[in-house]
Amino acid sequence: MNELQRQVYLSALGVDTYMPRWHLPYAPVSGQCRLPEPCQELLSNSTNGHAVVAMTEIRSATHYTQVQAPVNTGDVNSPINNMISDIFDSKKIVKLDSPAKKEEPQEALSGALPAIEAFSLSVWRPLDELMIVDARNTKLALPTDSLLKNILRHLFPASPLNVKEEVLRCPMIENSFARRTADDARAELQTWLSVQCEIRPFKYLWLMGSNAYLYLLPEVDGLGKNLWQSRSSAGSEIDALIMPALNELLIDPLLKKQLFSAIRRYHS
């Protein structure tokens with residue numbers, strides 16, 4: 001690179017002296033830096049050459065480096081030489097000071113699955129043998145907790161209930177640099193369900209809302225058409241009951257009749 005720029009970078013990094021250990025293959029031969037006359041004058045009057053050079057105006061110049069024949073690099077079989085040689089096998093002309101052309105993501109070229117938005121689920125364990133997972137929609141601000149308590153009291157009047165909501169977020173570990181697809185969410189949530197079943201076994205599983213049954217059950221075409229039916233859940237031998245979300249039940253109260261009928265069949 002330009003010697004004046006190199007000295008400014010080294011000075012900013014706090015490096016007084018830098019000597020490379022290898023001469024990179026195809027790199028131009030290093031030469032003595034020719035400083036402009038004003039710089040020579042300033043350097044001769046200063047005890048700290050780096051500070052003076054850093055204050056000198058540096059004009060950027062567009063330049064090209066053309067791939068040349070290999071120079072004498074000592075041990076041609078050294079790891080660094082082999083690595084650099086592989087990089088320069090294409091023998092192209094590279095513009096050093098222009099940004100590299102942005103390439104299209106490999107996923108877009110290969111037709112990868114589209115990314116999905118992050119979402120969350122509500123989880124309840126009102127009874128030891130029952131787990132309920134509901135698709136959350138906090139934007140509607142509907143009294144879903146009250147509805148669930150009323151349903152449970154009607155179905156299990158003699159049982160002590162623990163209606164404590166837990167929020168399950170997907171993805172569980174946030175990473176803004178990773179694309180999340182439906183397959184990723186399905187693998188993560190089905191693994192979570194298997195672990196929960198091992199830690200605290202249960203016999204019945206209610207999956208309420210599309211985000212609950214689409215990702216906690218194996219992928220099946222037309223799964224949303226199987227409302228009020230039970231299907232085998234992933235990672236366990238439990239058949240899960242597919243139902244509308246609590247928000248949907250509040251919006252359309254006529255669904256409650258089908259709800260109680262399906263739950264009674266499921267638990268019979």
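Mentor: Gladly. Let us begin with a definition: a salt bridge is a side-chain nitrogen of Lys or Arg within 4 Å of a carboxyl oxygen of Asp or Glu. Keep in mind that this model is predicted.

Trainee: How many salt bridges does a search of the whole structure find?
Mentor: The search finds 4 salt bridges. One of them joins Arg-200 and Asp-128, with the closest N and O atoms 3.0 Å apart. Arg-200 sits in the loop between helix H7 (182–199) and S6, and Asp-128 in the loop between strand S3 (119–127) and strand S4 (130–135), so this pair ties together parts that are 72 residues apart in sequence.

Trainee: Which residue does Arg-136 meet in a salt bridge?
Mentor: The partner is Glu-165, at 2.9 Å from N to O. Arg-136 belongs to the loop between S4 and helix H6 (144–155), and Glu-165 to the loop between H6 and strand S5 (166–170), so the contact ties together parts that are 29 residues apart in sequence. Arg-136 is partly exposed, with a relative accessible area of 27%, and Glu-165 is partly exposed at 30%. Another salt bridge links the side chains of Glu-188 and Arg-180, 3.0 Å from N to O. Arg-180 is partly exposed, at 24% relative accessibility.

Trainee: Now the rings, please. What should I look at in an aromatic pair?
Mentor: Look at the distance between the ring centres, then at the angle between the planes: under 30 degrees counts as stacked, over 60 as edge-to-face. The count here comes to 2 aromatic pairs. In one, Phe-119 and Tyr-215 have ring centres 5.1 Å apart and planes at 20 degrees, so the pair is stacked. Phe-119 lies in strand S3 and Tyr-215 in helix H8 (residues 210–216), so parts that are 96 residues apart in sequence are tied together. Phe-119 and Tyr-215 are buried.

Trainee: And which kind of aromatic pair do Tyr-204 and Tyr-266 form?
Mentor: Tyr-204 and Tyr-266 are edge-to-face, with 5.5 Å centre to centre and 70 degrees between the planes. Tyr-204 is in strand S6 and Tyr-266 in helix H10 (residues 255–267), so the pair ties together parts that are 62 residues apart in sequence. Both Tyr-204 and Tyr-266 are buried.

Trainee: Tyr-204 brings us to S6. Why is S6 said to be largely enclosed by the rest of the structure?
Mentor: Count the buried residues along the strand: 5 of the 5 residues of S6 are buried, so S6 is largely enclosed by the rest of the structure. Its side chains can also be sorted by direction. Tyr-204, Trp-206 and Met-208 point one way, Leu-205 and Leu-207 the other way, and all are buried.

Trainee: Which way do S4 and S6 run, parallel or antiparallel?
Mentor: They run parallel, joined by 5 bridges. Leu-130 stands opposite Tyr-204 in S6. S6 (residues 204–208) also pairs with S8, in the parallel sense over 4 bridges. In that pairing, Trp-206 stands opposite Leu-241, and Leu-207 has Ile-242 as its bridge partner.

Trainee: What else can you say about S8?
Mentor: Strand S7 (residues 230–232) pairs with S8 in the antiparallel sense over 3 bridges. Here Ser-230 has Leu-241 as its bridge partner. In S8 (residues 239–243), 4 of the 5 residues are buried, so S8 is largely enclosed by the rest of the structure.

Terms used:
Residues are numbered from 1 along each chain as its sequence is written. This is a predicted model: local features need pLDDT of at least 70, side-chain atom pairs count only at pLDDT 80 or more; totals for chains, interfaces and linings use all residues. Side-chain values use heavy atoms; hydrogens and water are left out. Buried means under 20% relative accessible area, exposed over 50%, partly exposed in between (1.4 Å probe, protein chains only). Helices (H or I, at least four residues) and strands (E, at least two) are DSSP runs, numbered from the N terminus. Two strands pair if DSSP finds at least two bridges between them. Rings of Phe, Tyr and Trp (its six-membered ring) pair if their centres lie within 6.5 Å; planes under 30 degrees apart count as stacked, over 60 as edge-to-face and the rest as tilted.
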